Amino acid sequence: MRFHIVTLFPEAFDSYLKESIIGRAIAEKHISVSFVNPRMFVTGKYKKVWPDGNVSMIVDDRPFGGGPGMIIRAEPVLRAVESITKKIAKRAKVKVKVIHFAPSGEKFTTAYAKTSAKKYTDIIMLCGRYEGIDARVAKILKAEDVSIGDYVLTGGELPAMVLIDSISRQVPGVLGKLESLEEERVSSSEFYTRPEILEWPIPKKGVKSKKYSVPPVLLSGDHKKIEEWKKGTSKN
Ligand code: SAM
């Protein structure tokens, strides 16, 4: 699976993508994540040269019809996506999906992640900022609006990381054997490890501590009962 991220802030992804399962998936080439910054595709009057020689690549402009926020212009985003699709087109048998992040979009779920991992070889993600990206971009690219929840974030970078993480877990080879097994099992939303009885606050003179026990069924060795208990506590 190849993820292509269109973002004004590629550095925002750096540390997350290096860590743990996703870092390993990239190192082992099960997935790849590349970035294109629309700022690199700014042309004409939006490429402003200041008297001191500094250059500003302006990607946004004021909204038609008024409003407080700025809008990311269509052209630099379309050019950025064009640069990606040109590269993708050099490979055989590709299946490309374009996702545009929007708080009002289709809600992202594990089912969505599973379908995406099965159906596509390349996913292009458009990360909005400010008030968002000019609506013509999603129309031209036939992009699907996707939301990660009913709240408004500052930009599409966190949603992109959420999708990369969740979709990657569905790509063969990304999860180790044990992790894959865990994924398919009935999962409880309550987990316990040693000690069997936890005393908190740590007992010491003058401090009244309380004992917290692990549910006895988990120590029973009765696998049928344990599975039933897990189903009962599962919130999925
Ligand atoms: N008023 C804008 C709207 O309703 O679309 C809010 C724009 S928000 C400040 C900037 C960008 O963050 C959006 O264009 C989108 O790409 C991203 N974003 C914010 N919240 C999101 C969410 N819950 N799911 C997906 N993307 C989100």
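This briefing describes a pocket and the ligand placed in it. The structure is a predicted model, in which local features need pLDDT of at least 70, side-chain atom pairs count only at pLDDT 80 or more, and totals for chains, interfaces and linings use all residues. Residues are numbered from 1 along each chain as its sequence is written, and side-chain values use heavy atoms, without hydrogens and water. The ligand takes up the space of the second largest pocket (more than half of its atoms lie within 2 Å of the grid points).

**The pocket**
- The second largest pocket has a volume of about 330 Å³, the space filled by probe spheres set on the grid points, which are joined across faces, edges and corners.
- A pocket is an open set of points on a 1 Å grid over the protein atoms alone where a 1.4 Å probe fits, with protein on both sides within 12 Å along at least five of seven lines; lining residues have an atom within 4 Å of a point.
- Of its 21 lining residues, F101, A102, P103, L153 and G155 are the closest to the centre.

**The ligand**
- Among the 18 residues around the ligand (a heavy atom within 4 Å), F101, G128, G149, Y151 and L153 come nearest.
- Backbone N or O atoms lie at these distances from a nitrogen atom of the ligand: 3.1 Å for I148, 3.0 Å for G149 and 2.8 Å for Y151.
- β7 gives the most to the shell around the ligand, with 3 residues.

Methods. Polar contact = N/O pair within 3.5 Å; in protein donor to acceptor, adjacent residues only side chain to side chain. Helix = DSSP H or I, 4+ residues; strand = E, 2+ residues; numbered from the N terminus.
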